[in-house]
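Thank you for coming, everyone. Before I start, please bring up the sequence and the structure, so that we can go through them together.

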Amino acid sequence: MKFASLRRGLDKLAKPFFSRFRSELRTASLDDFVPYASLRLPPHRLRFCTHHWQDDKYYVLSARNEVSRLIELASLNPRSSLLNLGSGQARLAIGLLAHNLKVQYYYGMDVSRHSIDWCKRNIHRFHSHLNFIHFDIHNARYNPQGVLLSHPLQLPFQSAAFDVIYLYSVFTHMRSPDIHFLLWEIQRILRNEGVAFSPPM
């Protein structure tokens with residue numbers, strides 16, 4: 001009887017703590033993404049480049065439009081291999097999902113670990129064919145603690161690995177020598193008939 005009484009007392013003390021803990025977990029989870037038409041969008045505070053992206057409908061439409069452009073201009077199709085350099089919070093991957101287009105394989109790469117972690121939690125976790133890699137090189141804005149390049153950069157992919165390479169607002173955040181290195185790497189990992197596409201902002 002004493003044990004049962006003690007257990008009830010401990011349960012009573014612990015209940016508010018666990019209730020608050022579960023509530024905090026739910027809040028953190030909901031705060032981590034914006035649900036929209038079965039998609040997980042990045043929270044508004046993580047949407048950079050243009051204020052128009054604060055609107056969920058516009059954000060998804062812009063993502064779909066980028067995929068449509070790649071279909072038209074780069075012949076993107078289910079057999080394509082696609083690399084998204086500077087993938088950020090996976091806008092292009094979200095566009096693929098909204099477009100219901102599953103390519104042969106997709107890799108998103110970014111210097112921001114925070115962005116890549118978000119993509120792994122909210123995109124790759126539910127769509128394992130969409131992969132994300134953190135590239136830990138220095139960037140004054142997005143990765144100031146990253147490694148400063150003292151030699152030509154090497155992307156972690158085999159030569160001629162991709163049919164399409166997509167870059168959105170990447171070169172504007174790079175030093176001139178790093179741009180030179182990256183262009184050589186794009187040439188190396190792009191297939192002979194492949195397309196590298198860098199749209200204007």
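Let me begin with a term: a salt bridge, as we use it here, is a side-chain nitrogen of Lys or Arg lying within 4 Å of a carboxyl oxygen of Asp or Glu. Please keep in mind that what you see is a predicted model, and that by this rule the count comes to five salt bridges.

One of them joins the side chains of Glu-66 and Arg-69, with 2.7 Å from N to O. These two residues are three apart in helix α2, so about one helical turn separates Glu-66 from Arg-69. Glu-66 is buried, at a relative accessible area of 8%, whereas Arg-69 counts as partly exposed, at 29% relative accessibility.

Now, what do the other salt bridges that I picked out tie together? Asp-31 and Arg-45 meet through their side chains at 3.5 Å, N to O. Because Asp-31 belongs to helix α1, residues 2-31, and Arg-45 to the loop between β2 and α2, this pair ties together parts that are 14 residues apart in sequence. In the salt bridge of Arg-121 with Asp-32, the closest N and O atoms are 2.8 Å apart. Here Arg-121 lies in helix α4, residues 113-124, and Asp-32 in the loop between α1 and β1, so the parts tied together are 89 residues apart in sequence. Arg-121 counts as partly exposed, at 36% relative accessibility, while Asp-32 is buried, at 16%.

Let me turn to the aromatic rings, for which a search of the whole structure finds seven pairs. Among them is the edge-to-face pair of Phe-157 and Phe-162, with 4.9 Å from centre to centre and 85 degrees between the planes.

Finally, how far does the predictor's confidence reach? The chain averages a pLDDT of 83, and 73% of the residues score at least 70. Over residues 16-28, however, pLDDT stays under 50, and the model has zero contacts beyond four places in sequence for them. Where pLDDT is low, the predicted coordinates should not be read in detail.

Notes
Residues are numbered from 1 along each chain as its sequence is written. This is a predicted model: local features need pLDDT of at least 70, side-chain atom pairs count only at pLDDT 80 or more; totals for chains, interfaces and linings use all residues. Side-chain values use heavy atoms; hydrogens and water are left out. Rings of Phe, Tyr and Trp (its six-membered ring) pair if their centres lie within 6.5 Å; planes under 30 degrees apart count as stacked, over 60 as edge-to-face and the rest as tilted. pLDDT is the predictor's confidence in each residue, from 0 to 100. Contact means heavy atoms within 4.5 Å. Helices (H or I, at least four residues) and strands (E, at least two) are DSSP runs, numbered from the N terminus. Buried means under 20% relative accessible area, exposed over 50%, partly exposed in between (1.4 Å probe, protein chains only).
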